[in-house]
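The tour below goes from one selection to the next and says what is found at each stop.

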Amino acid sequence: MLNRRLLIVTGKGGTGKSAVAASLAVAGGRSGRRVLALAMDRGGGLARHLQAGALRAQPQRLGDVHAAIVDPAAALDEYLRMRIRVPRIAAVSRIFAAVVETVPGVRDTAMIGKVVFEATRSRWDLVVVDAPPIGQVSSFLNAPTTITRLVPGGAVRDQSEWMRSVIADAAHTGVVVVATPEDLPVLEARALTADLATSGAVAIEAVVANKVLPDPGFEPSDVVNTSEAAQRDAATLHLALTAQQTEHLRRLAADHTIPFLFGMRTESETSERIADLWDTR
């Protein structure tokens with residue numbers, strides 16, 4: 001995965017997508033790559049996993065990686081001024097402000113455009129994106145295609161077509177889908193992978209099963225013979241949970257599995273531990 005220039009990490013809320021995104025950035029930094037970790041939402045999750053107080057629009061160095069947040073207003077201003085070259089004239093600005101509010105995909109295109117721009121700069125070897133949850137990420141990934149279909153020509157279409165081609169380049173860009181072995185996360189992950197496989201908008205780089213319970217190492221018959229009630233209840237629960245997750249994992253067909261990390265760990269310790277797992281693969 002680390003050989004891609006752009007990794008877009010998504011998953012249902014609560015599945016640990018920020019931890020996985022941070023861990024991939026850390027693993028990339030450890031390998032000597034120049035890594036930028038980008039948050040497309042409020043950035044709190046990625047910041048905590050990289051041991052930062054808060055992320056800013058300008059990249060800041062955090063250990064072996066740099067990190068920043070994609071600010072919607074700044075991304076839109078950069079898109080209009082630098083990519084589309086809209087002059088700072090009040091009347092023109094008002095026209096484009098109206099376009100942004102009425103034409104589907106313009107704001108999303110500006111935000112994903114910032115991601116694509118950073119991933120094509122010579123400054124970075126790898127850009128890892130903590131993307132919005134599965135329910136929202138498709139609108140960002142498909143935004144350049146939407147604009148290309150709506151706009152007949154000109155700078156807006158040219159920029160959108162360039163973004164679309166970079167996102168669709170499987171040698172450059174890949175999506176990492178994170179799910180826990182539960183009903184809804186697996187259902188949403190399967191729906192997204194099927195949708196992307198059909199549309200061809202972007203390649204699925206990997207499906208990651210996170211927070212997977214270890215094999216209990218004992219049989220149901222062993223539980224019956226346990227004299228301690230508390231141990232028997234805990235063992236029975238463990239067997240039931242692992243039986244459920246086995247079915248979910250079968251449906252998910254994950255490329256990588258991350259174990260449930262028991263114990264009191266901070267977010268940054270968690271991402272460092274997951275990065276250790278990537279280092280061994």
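## Stop 1: helices H5 and H6

Select residues 106–119, which form helix H5, and residues 134–150, which form helix H6; the two pack at an angle of about 115 degrees, with their axes 8 Å apart. Helices (H or I, at least four residues) and strands (E, at least two) are DSSP runs, numbered from the N terminus. The axes are lines fitted to C-alpha atoms, for helices over the stretch in contact, and angles run from 0 to 180 degrees between N-to-C directions.

This is a predicted model, in which local features need pLDDT of at least 70 and side-chain atom pairs count only at pLDDT 80 or more, while totals for chains, interfaces and linings use all residues. Residues are numbered from 1 along each chain as its sequence is written, and side-chain values use heavy atoms, with hydrogens and water left out.

H5 and H6 are therefore roughly perpendicular to each other. In these terms, angles under 35 degrees are roughly parallel, over 145 roughly antiparallel, 65 to 115 roughly perpendicular, and the rest oblique. The H5 and H6 crossing is left-handed, meaning that the near helix is turned anticlockwise from the far one by less than a right angle; clockwise would be right-handed.

Now show the side chains at this crossing. On H5 the contact (heavy atoms within 4.5 Å) is made by Val 106, Asp 108, Thr 109, Met 111 and Ile 112, and on H6 by Ser 139, Phe 140, Ala 143, Pro 144 and Ile 147. Sorted by class, the contact of H5 with H6 has seven nonpolar, two polar and one charged residues. Here Ala, Val, Leu, Ile, Met, Phe, Trp, Tyr, Cys and Pro count as nonpolar, Asp, Glu, Lys and Arg as charged, and the others, Gly among them, as polar.

## Stop 2: H5 and helix H7

The axes of H5 and H7 come within 10 Å and cross at roughly 55 degrees. That makes H5 oblique to H7. Their crossing is left-handed. Thr 109, Ile 112, Gly 113, Val 116 and Phe 117 of H5 meet Ser 160, Trp 162, Met 163, Val 166 and Ile 167 of H7. This contact of H5 with H7 has seven nonpolar, three polar and no charged residues.

## Stop 3: H6 and helix H8

Return to H6 and select residues 183–199, helix H8; H6 and H8 pack at an angle of about 15 degrees, with axes 10 Å apart. They are therefore roughly parallel to each other. The crossing of H6 and H8 is right-handed. From H6, Ile 134, Val 137, Ser 138 and Leu 141 meet Glu 188, Ala 189, Leu 192, Asp 195 and Leu 196 of H8. The contact of H6 with H8 has six nonpolar, one polar and two charged residues.

## Stop 4

How many cavities of 30 Å³ or more does the structure hold? There are two. On a 1 Å grid over the protein atoms alone, a cavity is a set of points where a 1.4 Å probe fits but cannot get out, and a pocket is an open set with protein on both sides within 12 Å along at least five of seven lines; lining residues have an atom within 4 Å of a point. Grid points are joined across faces, edges and corners, and a volume is the space filled by probe spheres set on the points.

Select Leu 141, Pro 144, Thr 145, Arg 164, Ile 167 and Ala 201, which line the second largest cavity. Its volume is about 30 Å³. H6 gives the most to this lining, with three residues.

## Stop 5

The largest pocket has a volume of about 350 Å³. Of its 19 lining residues, Gly 16, Ala 19, Asn 210, Lys 211 and Thr 270 are the closest to its centre. Helix H1 (17–30), strand E7 (204–212), strand E8 (256–259) and helix H11 (267–279) each give two or more residues to the lining.

For the second largest pocket, with about 200 Å³ of space, select residues including Thr 180, Glu 182, Lys 211, Gln 244 and His 248. Helix H10 (residues 229–252) gives the most to its lining, with four residues.
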